[in-house]
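Work through the exercises below with the model open. Try each task before reading its solution.

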Amino acid sequence: MSNRPPHHRHAWRRLRTALTGATAGALLVGLAALPARADDGADEPLGTVARSAGHAHYAPGPCPRTADPTPALETARCGTLTVPENRSRPGAKRITLAVAIVPATHRRAPDPIVWLAGGPGDDANSEIGMALNGGLNRDRDVIFMSQRGTYSADPALTCPNIDRFNADSLDLVYGAPSTGRLHVGATRACRERLVGLGAELGTYNSTESADDYADLRRALGLRQWNVFGISYGTDLALVYMRRHPEGLRSVGIDGILPPSLASGAVTWKAAREGFDGIFEACAEQPACNSRYPGLKATFERLVSEVEARPVTTTVTVPGQPAPVEVVLDGGVLVSWLTFASHLAAGVPRSIDELAHGNPQRIAAQWAGGKLSPAAMGRVSHGLSYGVFCSEWTPFESEEDVIRAGRRLFPSFPRSVLANAPALPFFHDDCRAWNVPPAAPSIREVTRSDIPTLVMSGGFDSQTAPSNGAYAARTLSRSTAVTVPYVAHVVFADSACAQTITVSFFDTPSAPRTGCLAGLRPPEFEIGA
C-alpha cells in the first residue's frame, strides 16, 4: 500500500524526520454513581490481575516491543489480551494484543483513558510518546493496546515488501499504469505471505477491533473508562460508541474520519479544505502574499504541468549512501502537500521554487519520507487493507473518486483525479486483497449522548476540518472545536489542543477552550 494517508502519524513523522446510541445516556446516569473499578482485584493496581471476560483473557506480563525506544514502558504495567481471531466461528484460533498501562503523574482519577491509534495499521504502543508529551496521563492512567494485526500484536500483519516498494518506486511515474501493476503486485505478494502464515484476513477490521476494546475493558475489571482516538482511531471510536456504549464516561476524537464518510472520494474534500487553509493564511500575511501571490493558482497549474511532463531530479537523503533519483508528477505534488501541511511554514516557498525550476525541496521531502527507517516494517498493511477493502471500497466506485476530485479541483487532469490523494491504485489493491465487504451498518452515522470532544485542525489535508462538524451533528453532548493553523491530529502539535483535551477528560461538559483565541498563523518562510 503506497502513500496511504490514513497512516497519518507515521507519514507525518517520516516527513518531519526527513527535514530534521440514545441508550448511552441512560447507562451513563447509572454508571455515574458507581466506582470505575468494581470487580475482583479492584484493590490491585490496574493491569496486575489476570482475568477472563467471556472468550477474552487478560494476563499481566512483559511490556511490548516498540519500534522506537519508549522510556515510559519502564514504569508501565503491561500484559496481553487474548481474543478469538474470528468471534463468529467456534474454536477459532486466538490472537494476542499487547497492553501497556502508563500511570498518572499527579492525582489518579478512577476512570482511565484508552488510546485508539491511527492508521489504520499504526500501533498504539508506538504512540505512547505522543500521548504523554501532550500530558494525557496527568490525572489518569492511559491504556494502550495494539489493535489486531499491528506491530506489537501477535500475529503482526506487517509487510516490509510494500514498504520497500514505496522506497524503490521513487524513480517511477507515480500514476502510470505500469507503476500501478507493480504496486498491485506488491499488495498481492503481501496478501499471499499473510495467508500463508494462517491469518484470516477478513477478521482484521473496525468491528472486530471495537469488540477487542470492549473485551479489554471487561477483562481489566473496569466499569467505565474514557476513549481518545486519533485519525483512523476516530473512525474506530465512533464504531465503538455504537457497538459498546456501556462503560463509556466520555470520548475524545481528533482528526475526524466518520465511518459514514470514509472513502477514497472524501480525501479530495480533505485536500481542498486543508490546502485552502494554507493558501488563505499566506494570502492574509502581507509578506507571504507579496512574495508568493496567487499561490493556490500556482500550485494547481503546477499539478497539471508536471502531470503532463514529469520532472526528474536527484536529491541527497540522510542515511542513504548515494543520491536518490525522484520523479515528480501531479499525483506526487498532491500527496506531498497532503503531508507537508504539517510543515506549513515552508509550503509557499517550496511551491514557488518548483514554479521557478527548482524541485529540490519537494523532492527531498518526498524521498525522505519514503526512505526513512521509520517507514519500514511498522505499519500493519493487513489491518489497513482489512479496513479499506471491507469498509471503504465496497461502498464507492472508482468514478465516485474521480467525480469528487473534479468537483473540487476542476483543472486537474483525469489521470491525477483517478488516484485520490495518497491512495494510488486503491481499488485495484482492494480487488487483489479480496476480503468480504462489511455489513452496510458499518456506514451508519453514530448517534449518541455520550460527552464527546470533537477536534479538527484548520490545515488538516488528510481528514477534512468540516468532518468534525459533520460528526458533532449527531453527538448531542459534543463540544466541537477547530484549532486553526494546525494540520492533522492537533493533539500532537498544539499545546492549546492538549490543554483542551486534558481539561475535557477532567470536565467533559466544560473543556477549557479559551486558548483558541490567542492562536496565530505560522510565519511563512520567505525565500530570496
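Start with Asn434. This residue is exposed, with a relative accessible area of 54%; exposed means over 50%, buried under 20%, and partly exposed in between (1.4 Å probe, protein chains only).

The model is predicted: local features need pLDDT of at least 70, side-chain atom pairs count only at pLDDT 80 or more, and totals for chains, interfaces and linings use all residues. Residues are numbered from 1 along each chain as its sequence is written, and side-chain values use heavy atoms, with hydrogens and water left out.

**Exercise 1. Is Ala422 buried or exposed?**

Step 1. Locate it. Ala422 lies in the loop between helix H16 (414–417) and H17.

Step 2. Check phi. Ala422 has a positive phi of about 60 degrees, although it is not a glycine.

Step 3. Apply the cut-off. Relative accessibility is 0%, so Ala422 counts as buried.

**Exercise 2. Describe the surroundings of helix H14.**

Step 1. Judge burial. Twelve of the twelve residues of H14 (residues 381–392) are buried, so the helix is largely enclosed by the rest of the structure. Among them are His381, Tyr385, Glu391 and Trp392.

Step 2. List the packing partners. The buried residues of H14 pack against helix H4 (160–168), helix H5 (177–196), helix H6 (206–219), helix H7 (232–243) and helix H17 (426–433). Contact means heavy atoms within 4.5 Å.

**Exercise 3. How many disulfides does a search of the whole structure find?**

Step 1. Count. The search finds five. A disulfide is a pair of cysteine sulfur atoms within 2.5 Å.

Step 2. With bonded cysteines counted along the chain, the pattern is 1-2, 3-4, 5-6, 7-8, 9-10.

**Exercise 4. Characterise the disulfides Cys63–Cys78, Cys159–Cys190 and Cys389–Cys430.**

Step 1. Take Cys63 and Cys78. Their S to S distance is 1.9 Å. The S-S torsion is about 80 degrees, so this disulfide is right-handed. Cys63 lies in the loop between strand S2 (56–60) and strand S3 (77–84), and Cys78 in S3, so the pair ties together parts 15 residues apart in sequence. Cys63 is partly exposed at 31% relative accessibility, whereas Cys78 is buried at 5%.

Step 2. Take Cys159 and Cys190. Their sulfur atoms are 2.0 Å apart. The S-S torsion is about 75 degrees, so this link is right-handed. Cys159 lies in the loop between strand S6 (142–145) and H4, and Cys190 in helix H5, so parts 31 residues apart in sequence are tied together. Cys159 is buried at 0%. Cys190 is also buried, at 0%.

Step 3. Take Cys389 and Cys430. The S to S distance is 2.1 Å. At -75 degrees about the S-S bond, the link is left-handed. Cys389 lies in H14 and Cys430 in H17, so the pair ties together parts 41 residues apart in sequence.

**Exercise 5. Where do Pro120 and Pro155 lie?**

Step 1. Pro120 is in the loop between strand S5 (113–116) and helix H3 (128–133). The peptide bond from Gly119 to Pro120 is cis, with omega near 5 degrees.

Step 2. Pro155 is in the loop between S6 and H4. The Asp154 to Pro155 peptide bond is cis, with omega near 5 degrees.

Conventions: Helix = DSSP H or I, 4+ residues; strand = E, 2+ residues; numbered from the N terminus.
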